[in-house]
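User: I have a model open and would like to go through it with you. Could we start with how far it can be trusted, then move to the details?

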Amino acid sequence: MATGRTHRPATRSRGIPEATVARLPLYLRALTALSERSVPTVSSEELAAAAGVNSAKLRKDFSYLGSYGTRGVGYDVEYLVYQISRELGLTQDWPVVIVGIGNLGAALANYGGFASRGFRIAALIDADPAMAGKPVAGIPVQHTDDLEKIIKGNGVSIGVIATPAGAAQQVCDRLVGAGVTSILNFAPTVLSVPDGVDVRKVDLSIELQILAFHEQRKAGEEALPDGLPASAVADRESTDKGPDGDVPAVMPA
């Protein structure tokens with residue numbers, strides 16, 4: 001998931017690096033699963049494996065929270081769930097609006113995981129007059145004409161944009177003007193925001209393209225002639241350079 005250029009969260013001022021903040025939700029997800037199984041304690045190695053990181057990085061991350069675990073015992077699962085939830089701001093209720101109630105917006109509205117993680121869908125907003133008043137996930141859709149009133153009336157500081165790319169910047173500007181300071185952007189475009197506004201971008205097509213790259217690479221390795229090491233292919237590719245010696249002679253369109 002890419003992140004936009006924005007104001008840094010309060011955790012930075014407390015000395016927690018951005019990379020650590022990005023991993024906290026991974027730890028929380030793994031810890032929540034352990035808690036649901038009534039597991040009382042977990043070692044750094046077990047939790048790191050469940051979160052997909054190495055144990056040394058996990059211990060370093062937790063040191064920023066003041067959690068060091070107990071030698072021979074590990075970390076208290078319930079306490080870590082509370083500690084990380086508090087650090088992420090999930091011990092309070094966050095009203096959220098979703099703008100753009102097409103297929104993706106409706107799917108987000110129907111996602112049941114928001115409430116259990118401290119987020120409440122305060123409103124669903126769409127520009128189509130035909131959508132006004134129609135319930136989605138039990139919430140009536142409201143028209144974009146009322147966006148500013150909805151934001152201020154519900155005290156919303158987090159907005160989700162699920163509109164087509166062409167409408168996203170205008171929606172973003174209106175959200176920011178109404179007081180929204182954090183935006184989750186699903187539109188396939190880069191948003192321009194002022195200082196003090198945090199943006200996180202989710203582009204499913206980019207993620208799929210990255211997976212396609214890896215699939216192509218794996219297929220290429222499988223197609224190597226018997227007995228020809230991958231290093232030989234790398235050596236051959238290193239000689240396929242342009243006239244200046246630093247770019248391929250034929251660049252893809």
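Analyst: The protein chain has an average pLDDT of 84, and 82% of the residues score at least 70; pLDDT is the predictor's confidence in each residue, from 0 to 100. Over residues 1-13 the pLDDT is below 50, and this stretch has 27 contacts in the model beyond near neighbours in sequence. A contact means heavy atoms within 4.5 Å. Over residues 236-253 pLDDT also stays under 50, with nine contacts beyond four places in sequence.

User: What conventions apply here?

Analyst: This is a predicted model, in which local features need pLDDT of at least 70 and side-chain atom pairs count only at pLDDT 80 or more, while totals for chains, interfaces and linings use all residues. Residues are numbered from 1 along each chain as its sequence is written, and side-chain values use heavy atoms, with hydrogens and water left out.

User: How many helices and strands are there in the protein chain?

Analyst: The protein chain has eleven helices and ten strands. Helices (H or I, at least four residues) and strands (E, at least two) are DSSP runs, numbered from the N terminus.

User: And how much of it is buried?

Analyst: Of the 253 residues, 36% count as buried. Buried means under 20% relative accessible area, exposed over 50%, and partly exposed in between, with a 1.4 Å probe and protein chains only. Among contacts between residues at least 6 apart in sequence, 55% join residues at least 24 apart.

User: Let us look at helix 3. Which of its residues are buried?

Analyst: In helix 3, the buried residues are Ser 44, Leu 47, Ala 48 and Ala 51. Seen down the helix axis they fall within an arc of 100°, so they line one face of helix 3; the arc is that of the directions from the helix axis to the C-beta atoms. An α-helix has 3.6 residues a turn, so residues three or four places apart point the same way. Glu 46, Ala 49 and Ala 50 are exposed on the other side of helix 3.

User: What covers the buried residues of helix 3?

Analyst: The cover includes helix 2 (18-36), strand 2 (41-42), helix 4, strand 3 (75-76) and helix 5 (77-87).

User: How does helix 3 pack with helix 4?

Analyst: Helix 3 (residues 44-51) and helix 4 (residues 55-65) pack at an angle of about 100°, with their axes 8 Å apart. Axes are lines fitted to C-alpha atoms, for helices over the stretch in contact, and angles run from 0 to 180 degrees between N-to-C directions. The two helices are therefore roughly perpendicular to each other, a label for angles of 65 to 115 degrees; under 35 counts as roughly parallel, over 145 as roughly antiparallel and the rest as oblique.

User: Which residues meet there?

Analyst: Ser 44, Glu 45, Leu 47 and Ala 48 of helix 3 meet Ser 55, Leu 58, Arg 59 and Phe 62 of helix 4. By class, this contact has four nonpolar, two polar and two charged residues. Ala, Val, Leu, Ile, Met, Phe, Trp, Tyr, Cys and Pro count as nonpolar, Asp, Glu, Lys and Arg as charged, and the others, Gly among them, as polar.

User: What follows helix 3?

Analyst: Just after helix 3 comes Gly 52, with a positive phi of about 80°.

User: Changing topic: which residues of helix 8 are buried?

Analyst: Helix 8 (residues 147-154) has Leu 147, Ile 150 and Ile 151 as its buried residues. They cover an arc of only 100° around the axis, which puts them on the same side of helix 8. Lys 149, Lys 152 and Gly 153 are exposed on the face turned away from that buried side. Strand 4 (94-99), strand 5 (119-126), strand 7 (139-143) and helix 9 (165-178) are among the elements covering the buried residues.

User: Where does Val 141 lie, and is it buried or exposed?

Analyst: Val 141 lies in strand 7 and is buried, with a relative accessible area of 3%. Its C-alpha atom is separated by 5.6 Å from that of Ile 125, 16 residues apart along the chain.

User: What about Ser 38 and its phi?

Analyst: Ser 38 has a positive phi of about 60° although it is not a glycine. Most residues other than glycine have a negative phi. Ser 38 lies in the loop between helix 2 and strand 2 and counts as exposed at 63% relative accessibility.
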